[in-house]
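Colleague: Can you take me through this one? I have a few questions about the layout.

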Amino acid sequence: MECISVFDMLKIGVGPSSSHTLGPWRAAERWIKELKANNTFDKVESIHVDLYGSLSLTGKGHATDYAVMLGLCGSDPETIPTETIPTIISNIKSTNTLVLNNERALPFNPETDIVFNRKFLPFHSNGMIFTALIDGKKKKSTFYSIGGGFVVKEERTNHKRNFEIKCSFPYPIDKGTELLQFCNDLGLPISQVVLENEKSIREEEEIDKELQRIWDTMLECMYIGCHTEGNLPGGLNVRRRAYDMNQNLKGNTPYSNPVEWIYSIRNTEVKFRQIIKWVSCFALAVNEVNASLGRVVTAPTNGSAGVIPSVLMYYLVIENHDGNFEDIKKFLLVAGEIGSIFKKGATISAAMGGCQAEIGVSSAMAAGALTELLGGTPEQVLIAAEIAMEHHLGLTCDPIGGLVQIPCIERNAMGAIKAINAAELALDTDPKNVKVPLDKVVATMWETAKDMNSKYKETSEGGLAVGVNMADC
Ligand code: SF4
């Protein structure tokens, strides 16, 4: 039994990818810590990084090289001012020098010291090896980015069992059935059971502070996306659409910050078609920010970061104008727990399971969380999560040009709408009539992931990635 906190599932970071950006960034940080722990940091003469498998095949489009350099420089993805990233990278490129952990200037040519190797390491498709020259000898250290910003060090045979700390939660949960049992035994909703677990590792005051910070980041991300015009970087010439949608949808109430924006939308008459447009607009906004290396919350990945904020925003601006922090808290706690059930029983890595592991999981997380806020029972929460995943099974990952733009950005809008639909279906479902429980769909997703051709696992070697020519974009 393993502990995965809600704060492991919802992490503040920088786009565009949790496995290809946040993971390698964290791996570089961990390597520096390793060098310091071995007392070799001060002896490093030069450094070199090899990227393997999916990290290599879609690494350029996913800014993996940038992430590695930023991690090696000692920048923190949670706090770095994202507007400084281009300058940091261009300084390294123009001087061929990298200041390791912001302490030691070393020769570093990104063109030759970060190598994109097409071959796959045996353990996981997102492998990377950091090499330091110390006393004339090469010392290597291997890391794997296994999705959602999680990084593992050692090569082991069971990828799902080797990274979390042993569980000390009072209510340890691997499966939906176990979660339901605790809810029934304790007479508590899912959010409360999850909260009790979180309280075993931090004070409730701190939990509230962190959840508020996560929501503030999500809200700001939607706000920035809805108020930024132009094309996205990367060469596909993808036009940002959230700006136009927000302009077309917004009413007459003026606003000048994210909170006023919420009140302004609440004051606007919203008809059925506009509801769908608003939800899509929120989701597009997040993933446009993500695609431009902006700050997002990994939920459970960066590529799928738009689903959860947009569904929560839907609740706050459409469903319940009195919605407050208590609702936000419940939503994020439930979403995090559902994500961890998928992580433990299957995967949240597109390199392991395609887009069902990203958009499918985020949609399931959002569907379950919305269901609790709409008054659903714990059984109905899990039914909603199951429905949302059931209709994402087999979804492939085939980003054009290796960029997290097409189909990724629109896919978040689709995942959000499906989440709302799944919640509504679940609320009208009698649990006695359920044929496919959540645990069954988790197991099915994992089997589907294992059967999926590697062309569709974040390699850009199949699907839209080869069916659409970048030059035509
Ligand atoms: S297609 Fe899906 S899984 Fe692949 S990069 Fe895009 S959002 Fe992520």
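**Loops, sheet and domains**

Modeller: Pro-300 is found in the loop between strand S9 (295–298) and helix H13 (307–319). Keep in mind that this is a predicted model.

Colleague: What joins Ala-299 and Pro-300?

Modeller: A cis peptide bond, with omega at about 0°. Ile-406 and Pro-407 are also joined by a cis peptide bond, where omega is about 10°. Pro-407 sits in the loop between helix H17 (378–390) and helix H18 (408–427).

Colleague: Why flag those?

Modeller: Because most peptide bonds are trans.

Colleague: Which residue has a positive phi although it is not a glycine?

Modeller: Asn-39 is one, with a phi of about 60°. Asn-39 is in the loop between H2 and S2. Asn-101 has a positive phi as well, of about 50°, and lies in the turn of the hairpin that S3 and S4 form.

Colleague: How many residues are between S3 and S4 in that hairpin?

Modeller: Three. The two strands pair in the antiparallel sense over four bridges, and Val-99 stands opposite Ala-105 in S4.

Colleague: Now the sheet. What is the strand order?

Modeller: The order is S5-S2-S6-S7-S8, five strands in an open sheet with mixed pairing. Strand S5 (114–116) and strand S8 (150–152) are the edges, each pairing on one side only. From one strand to the next the twist averages 25°.

Colleague: And how do S2 and S6 pair?

Modeller: Strand S2 (residues 44–51) and strand S6 (residues 127–134) are antiparallel, with seven bridges. Within that pair, Leu-51 is opposite Met-128 in S6.

Colleague: Which helix lies across S2 and S6?

Modeller: Helix H2 (residues 18–37), which also lies across strand S7 (137–147) and S8. H2 runs at about 140° to S7.

Colleague: Salt bridges next. How many in the whole structure?

Modeller: The search finds 19. One of them links the side chains of Lys-36 and Glu-103, at 2.6 Å from N to O. Lys-36 belongs to helix H2 and Glu-103 to the loop between strand S3 (97–100) and strand S4 (104–107), so the pair ties together parts that are 67 residues apart in sequence.

Colleague: OK, domains. Where are the bounds?

Modeller: The domain assignment gives domain 1 as 6–153 and domain 2 as 176–467. Their C-alpha centres lie 28 Å apart. In the contact there are 37 residues from domain 1 and 44 residues from domain 2.

Colleague: What area do domain 1 and domain 2 bury between them?

Modeller: About 3,100 Å², with 61% of it on carbon and sulfur atoms. Of the area that domain 1 buries against domain 2, Phe-7, Met-9 and Leu-10 supply 25%, more than any other three residues.

Colleague: How many salt bridges does the rule find across the interface?

Modeller: Two, between domain 1 and domain 2.

Colleague: What does UniProt place at residues 187–465?

Modeller: An unreviewed UniProt entry places the feature "domain: Serine dehydratase-like alpha subunit" there. Over residues 187–465 the chain is 62% helix and 1% strand. The end C-alpha atoms of that stretch are 49 Å apart.

Terms used: Residues are numbered from 1 along each chain as its sequence is written. This is a predicted model: local features need pLDDT of at least 70, side-chain atom pairs count only at pLDDT 80 or more; totals for chains, interfaces and linings use all residues. Side-chain values use heavy atoms; hydrogens and water are left out. Two strands pair if DSSP finds at least two bridges between them. Axes are lines fitted to C-alpha atoms, for helices over the stretch in contact, and angles run from 0 to 180 degrees between N-to-C directions. Contact means heavy atoms within 4.5 Å. UniProt positions are given in the numbering used here, feature names are shortened, and annotations may be inferred rather than shown by experiment. Domain bounds come from an automatic or database domain assignment. Buried area is the accessible area (1.4 Å probe) that two parts lose on being put together, summed over both. A salt bridge is a side-chain nitrogen of Lys or Arg within 4 Å of a carboxyl oxygen of Asp or Glu.
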